[in-house]
Amino acid sequence: MPSPATSSPATPFLGTITEVCIVTPSHVKTMDGLLRLGIGPFQVFDFTPATVSARRFRSEPGDFELRVCFAKQGDLVFEIMQPVGTGRSLMGEWLNERNNKEGIQHIAFDCQNIPMAERKREMQVRGFEPAMEGVWQGRKGTCTFCFFDTEASAGTVFESIEFSDDWEDPEHEWYPEPPQEK
């Protein structure tokens, strides 16, 4: 039986699930599988030193590089992440622990759109530190993202994402092609 300290839920603040992420050794294979299920098309981006600043990994400067793909399905975003290069990342660790087997590695919450600094403070009060974070540069504006070290307690990683009001997607590819105009 759980102790009283762990059986009482904390005040909720996570808000709405906005994104589900599959980590994979092959973004193309995963996109093809999701396309067969009617999910897509995908915007494909590269997260590199040129596109993501303030990269941190486990409280130290980060060197992660990722291929990141997004497809909207109603109000939910399906994300695919593939580690590239030799940089350390939660996604690379996850694949290594699972012998390169793809699967859902994290989910993202809007945290009721409170500022990112408050999200971090609230997660730290609850015992969860940032595990990986950065600032993605848009054509205009920025997107701050933070993955929290929740896997041991919650079975998966929780992420929070904050887009600036002036956000415009950076240059990207579409896979297999841009969406058709209706």
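I started at helix 3 (residues 90–97), whose buried residues are Leu90, Met91, Gly92, Trp94 and Leu95. I take buried as under 20% relative accessible area, with a 1.4 Å probe and protein chains only. Helices are DSSP runs of H or I with at least four residues, strands are runs of E with at least two, and both are numbered from the N terminus. An α-helix has 3.6 residues a turn, so residues three or four places apart point the same way. Just after helix 3, I noted that Asn99 takes a positive phi of about 50°.

The model is predicted, so I kept in mind that local features need pLDDT of at least 70 and side-chain atom pairs pLDDT 80 or more, while totals for chains, interfaces and linings use all residues. Residues are numbered from 1 along each chain as its sequence is written, and side-chain values use heavy atoms, without hydrogens and water.

Next I looked up Gln82, which lies in strand 6. Gln82 counts as buried because its relative accessibility is 14%. Its side chain makes a polar contact with the side chain of His27, at 2.6 Å. A polar contact here is a pair of N or O atoms within 3.5 Å; within protein, one must be able to donate a hydrogen and the other to accept it, and sequence-adjacent residues count only if both atoms are side-chain atoms. Leaving out residues up to four places away in sequence, Gln82 touches Thr24, Pro25, Ser26, His27, Glu65, Leu66 and Arg67, with contact meaning heavy atoms within 4.5 Å.

On a 1 Å grid over the protein atoms alone, a cavity is a set of points where a 1.4 Å probe fits but cannot get out; a pocket is an open set with protein on both sides within 12 Å along at least five of seven lines, and lining residues have an atom within 4 Å of a point. Grid points are joined across faces, edges and corners, and a volume is the space filled by probe spheres set on the points.

The largest pocket has a volume of about 580 Å³. I found 23 lining residues, of which Glu19, Val77, Cys143, Ile161 and Phe163 lie nearest its centre. Strand 10 gives the most to this lining, with 4 residues.

The largest cavity, of about 30 Å³, is lined by Leu14, Phe109, Cys111, Met123, Phe148, Phe158, Glu159 and Ser160. Strand 10 (residues 157–163) supplies the largest share of that lining, 3 residues.

Definitions and conventions:
Buried < 20%, exposed > 50% of the residue type's maximum accessible area, 1.4 Å probe, protein only.
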